[in-house]
Amino acid sequence: MNAFDNLVKLYDFIRPLIDIGIIAFLLYKAYGILKKTNSVQIIRSAIIVGFAYVAALLFRLSTLQWLLNILAQGLLICFAIVFQPELRKIFIKIGQINWFSFRNRSKHSYVDAVLMAADQLSKLKRGMLVVFLRRTRLDDIIENGTKLNADLSSNLLLTIFAFNTTMHDGACIVQGGKVLSAGCFLPLSEQYDIKKTFGTRHRAALGISEVSDAVVLVVSEESGAISLAYESRLHYDLSMEELTQTLEDLLDIKAEDYTLEDTIDESESAKV
């Protein structure tokens, strides 16, 4: 009985710590989700309404308090309607997030084939759009393109994007060192504050990053800038070092999936 009492006392002692730890973990993950979506408008609106209600309580503004109490349910419905795109993105991110993974870093080599092709296309001022799949399935987008299921190589990407083929204007879907499909059409971004100088490729790259956890590499046909879109954000005109580092941080594929021999073959092919 004494041992049981000791366990109860120990639990009573650590229970607040467990409570605080769980809340801190949820707040950390919630912050990560909000950071990956364009939810600033929702937060600002909620803060304004909250301040108005606090002011009504502090200064005993009975009419304002009465009005806010009546409109409370209506305001929630209005929030859901007005901020429907942002809320939808938040719930999509909640489904995609790996709750118990704080950082997952691995070394990749197969992305070198994509970067070599991107570098050459950048110099030629030819557009390019490559989608790296992660956890979210994009079967409907893969279906609307031309299925290839071919080994990833810089020559294949150059063949698709360097010439005016039927697949040139679409996107290539890449996963596990394979080009699953080419000539795929992506949804355009719903963001209203996107730069007007960005063309359809950049809007498509942003669009697919808003509805999935995919990482998208895009080469500008106008400027030759190489950019990455992920987590509803476009990171424009990155250097090769930044591209490599970011892709290594984001993609969860081991280097063994792409052998040294394949890398040498790619390098030799790119010189031809």
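## Getting oriented

Helices (H or I, at least four residues) and strands (E, at least two) are DSSP runs, and they are numbered from the N terminus. That is the naming behind K125, which sits in the loop between α5 and β1 (128-132).

This is a predicted model, so to speak of local features a pLDDT of at least 70 is needed, side-chain atom pairs count only at pLDDT 80 or more, and totals for chains, interfaces and linings use all residues. Residues are numbered from 1 along each chain as its sequence is written, and side-chain values use heavy atoms, with hydrogens and water left out.

Let's start with helix α5, which covers residues 111-124. The end C-alpha atoms of α5 are 20 Å apart, which agrees. Quite a few α5 residues are buried (under 20% relative accessible area; exposed is over 50%, partly exposed in between, with a 1.4 Å probe and protein chains only). They are V111, A113, V114, L115, A117, A118, L121 and S122.

Just after α5 comes K125, with a positive phi of about 55 degrees. K125 is a residue other than glycine, and it is partly exposed, with a relative accessible area of 40%. N149 does something along those lines in strand β2: its phi is positive, about 50 degrees, although N149 is not a glycine. N149 is exposed, at a relative accessible area of 52%.

## Charged pairs across the chain

Side chains of opposite charge can pair when their charged atoms come close. A salt bridge here is a side-chain nitrogen of Lys or Arg within 4 Å of a carboxyl oxygen of Asp or Glu. By this rule the model has seven salt bridges.

One of them joins D151 and K178, whose closest N and O atoms are 2.6 Å apart. This pair links distant parts of the chain: D151 belongs to strand β2 (residues 146-151) and K178 to strand β4 (residues 178-184), 27 residues apart. D151 is exposed, with a relative accessible area of 53%, while K178 is partly exposed at 29%.

Now for R201, which has two charged partners to look at. With D169 it makes a salt bridge at 3.9 Å, N to O. R201 lies in helix α8 (residues 200-211) and D169 in the loop between α7 (154-161) and β3 (171-175), so the pair ties together parts 32 residues apart in sequence. R201 is buried, with a relative accessible area of 16%, whereas D169 is exposed at 57%.

The side chains of R201 and E221 also meet in a salt bridge, at 3.4 Å, N to O. Here too the partners come from distant parts of the chain: E221 is in the loop between β5 (215-219) and β6 (226-230), R201 is in helix α8, and they are 20 residues apart. E221 counts as partly exposed, at 32% relative accessibility.

H168 is found in the loop between α7 and β3, and it is buried, with a relative accessible area of 6%. The side chain of H168 makes a polar contact with the side chain of D169, at 3.1 Å. A polar contact is a pair of N or O atoms within 3.5 Å; within protein, one must be able to donate a hydrogen and the other to accept it, and residues adjacent in sequence count only if both atoms are side-chain atoms.

H168 has other neighbors in contact, meaning heavy atoms within 4.5 Å. Leaving aside residues up to four places away in sequence, H168 touches R126, G127, I160, F161, F163, R201 and E221.

Finally, which residues make the nonpolar surface patch of about 890 Å²? They are V54, L58, F59, L61, L64, W66, L67, I70 and L71. The elements giving two or more residues to the patch are α2 (40-58) and α3 (62-82). The largest share, five residues, comes from α3. I70 is in helix α3 and is partly exposed, with a relative accessible area of 48%.

Patches are made of residues with over 30% relative accessible area and no salt bridge, with like charges joined within 9 Å and nonpolar side chains (Val, Leu, Ile, Met, Phe, Trp, Tyr) within 5 Å. Accessible areas come from the Shrake-Rupley method with a 1.4 Å probe; for residues, only the protein chains shown count as cover.

Terms used. The expected span of a helix is 1.5 Å times one less than its number of residues.
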